[in-house]
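Here are a few exercises to work through with the model open in your viewer. Try each task before you read its solution.

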Amino acid sequence: DFLKHIERNKVLLYLLDVSPFADQNPLEALEILRGELHAYNPALLRKKSLVIANKIDLLPEPGNQEQPLPGHSASDDIEHETVDHEDIENENIDNEDTDTDNFDVDDLNKNAAGDADANQINGSLETLEMLKEYCANEELPFLEISAMKENNLSQLKQKLFELYHEV
């Protein structure tokens, strides 16, 4: 019954945390979500959808193995713009809050040095590339954003508008 409301949605958004601090590998999370949708009603996978990789500002820069601290951007080259919720008809974007009060610097250093268990490091450039490849193979539109840093939100707004208003 939980998934019944999804049948009425025009567009499905998969908002995935790709940061190194995510509780789950984003590719595995997407596969689980799509598997649950398929098990409930395979027709749901034919709905218009968008995969959104969030918290990209917490990923290391290419060629740099050190993880940025939470709240610090890994890239300054990304466009910054806010999304006006009134511009997106009948769409709600739920931004997760990043809890930096419980941040453990020792864990960050382990992750940056590669000493942490692979199950603890769910967000990495390699994981992001695998997610992109999966989306390309499944013909799923894909967008990287940082809601906290407002990175690529104008592209998100435009893509939502396009998906929502497609015939």
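**Exercises on a predicted model**

The model is predicted. What covers the buried residues of α4 includes β1 (11–17), β2 (48–54) and β3 (142–144).

**Exercise 1.** Work out which residues of α4 are buried and how α4 runs relative to β2.

*Solution.* Start with the helix itself: α4 takes in residues 153–165, and its 13 residues reach 18 Å from first C-alpha to last, close to the 18 Å expected. Next, pick out the buried positions, which are Leu153, Ser154, Leu156, Leu160, Leu163 and Tyr164. Finally, check the direction: α4 lies across β1, β2 and β3 and runs at about 165 degrees to β2.

**Exercise 2.** Find the strand order of the sheet and say why one side of β1 and of β3 has no neighbour in it.

*Solution.* The open sheet has 3 strands, paired parallel in the order β1-β2-β3. That puts β1 and β3 at the edges with a single partner strand each, so one side of each lacks a neighbour in the sheet. From one strand to the next, the twist averages 20 degrees. Now zoom in on β1 and β2: 7 bridges join the two, and Leu16 has Ala53 in β2 as its bridge partner.

**Exercise 3.** Classify the crossing of α1 and α3.

*Solution.* The axes of α1 (residues 26–40) and α3 (residues 125–137) come within 9 Å and cross at roughly 30 degrees. Angles under 35 degrees count as roughly parallel, so α1 is roughly parallel to α3. By class, their contact has 7 nonpolar, 1 polar and 2 charged residues.

How values were computed. Residues numbered from 1 in each chain as written. Predicted model: local features only at pLDDT ≥ 70, side-chain atom pairs only at ≥ 80, totals over all residues. Heavy atoms only, no water. Helix = DSSP H or I, 4+ residues; strand = E, 2+ residues; numbered from the N terminus. Expected span 1.5 Å × (residues − 1). Buried < 20%, exposed > 50% of the residue type's maximum accessible area, 1.4 Å probe, protein only. Contact = heavy atoms within 4.5 Å. Axes fitted to C-alpha atoms, helices over the stretch in contact; angles between N-to-C directions. Parallel < 35°, antiparallel > 145°, perpendicular 65-115°, else oblique. Nonpolar A, V, L, I, M, F, W, Y, C, P; charged D, E, K, R; others polar. Pairing = 2+ DSSP bridges.
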